[in-house]
Amino acid sequence: TDLQMPGMTGEELVQRVRGSAHGAQLPVIVLTGTDEYETEARLMEAGADDYIRKPIDPPRFLARVKSALRRAGVS
């Protein structure tokens with residue numbers, strides 16, 4: 001998810017997913033252009049699995065997505 005989305009922020013999405021019985025194990029990665037460390041800490045505490053700042057490096061991004069999926073037990 002991105003932090004800046006129309007209709008719902010990324011933070012609201014993380015809270016909804018983690019508050020749902022079906023979303024509890026779903027991997028959530030936040031992708032954002034902001035460098036606010038307080039926001040990163042808050043989202044990680046809310047249940048995000050990773051927090052990645054833009055611009056992304058495609059190979060590193062893919063590795064982090066694969067890692068989150070492994071932790072969630074998804075192949």
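Predicted model: local features only at pLDDT ≥ 70, side-chain atom pairs only at ≥ 80, totals over all residues.

Reader: In which helix is Thr 39 found?

Author: Thr 39 belongs to helix α2, which covers residues 37-46.

Reader: Which residues does Thr 39 touch, not counting those up to four places away in sequence?

Author: With those left out, Thr 39 touches Leu 3 and Tyr 51. As for distance, Leu 62 is 23 residues from Thr 39 in sequence, and their C-alpha atoms are 23 Å apart in space.

Reader: Is Thr 32 buried or exposed?

Author: The relative accessible area of Thr 32 is 2%, and the cut-off for buried is under 20%, so Thr 32 is buried. Thr 32 sits in strand β1, residues 29-32. A polar atom of the Thr 32 side chain lies 3.2 Å from the backbone nitrogen of Thr 34. Beyond its neighbours within four places in sequence, Thr 32 is in contact with several residues, among them Leu 3 and Tyr 51.

Reader: Which residues make up the largest nonpolar core?

Author: In soluble globular proteins, nonpolar side chains tend to be buried together. Here the largest nonpolar core has 8 residues: Leu 3, Val 14, Val 17, Val 28, Val 30, Leu 43, Ala 48 and Tyr 51. Leaving out residues up to four places away in sequence, the contacts of Leu 3 include Thr 32, Thr 39, Val 30, Leu 43 and Tyr 51.

Technical notes: Residues numbered from 1 in each chain as written. Heavy atoms only, no water. Helix = DSSP H or I, 4+ residues; strand = E, 2+ residues; numbered from the N terminus. Contact = heavy atoms within 4.5 Å. Buried < 20%, exposed > 50% of the residue type's maximum accessible area, 1.4 Å probe, protein only. Polar contact = N/O pair within 3.5 Å; in protein donor to acceptor, adjacent residues only side chain to side chain. Core = buried A, V, L, I, M, F, W, Y, C linked by side-chain atoms within 4.5 Å.
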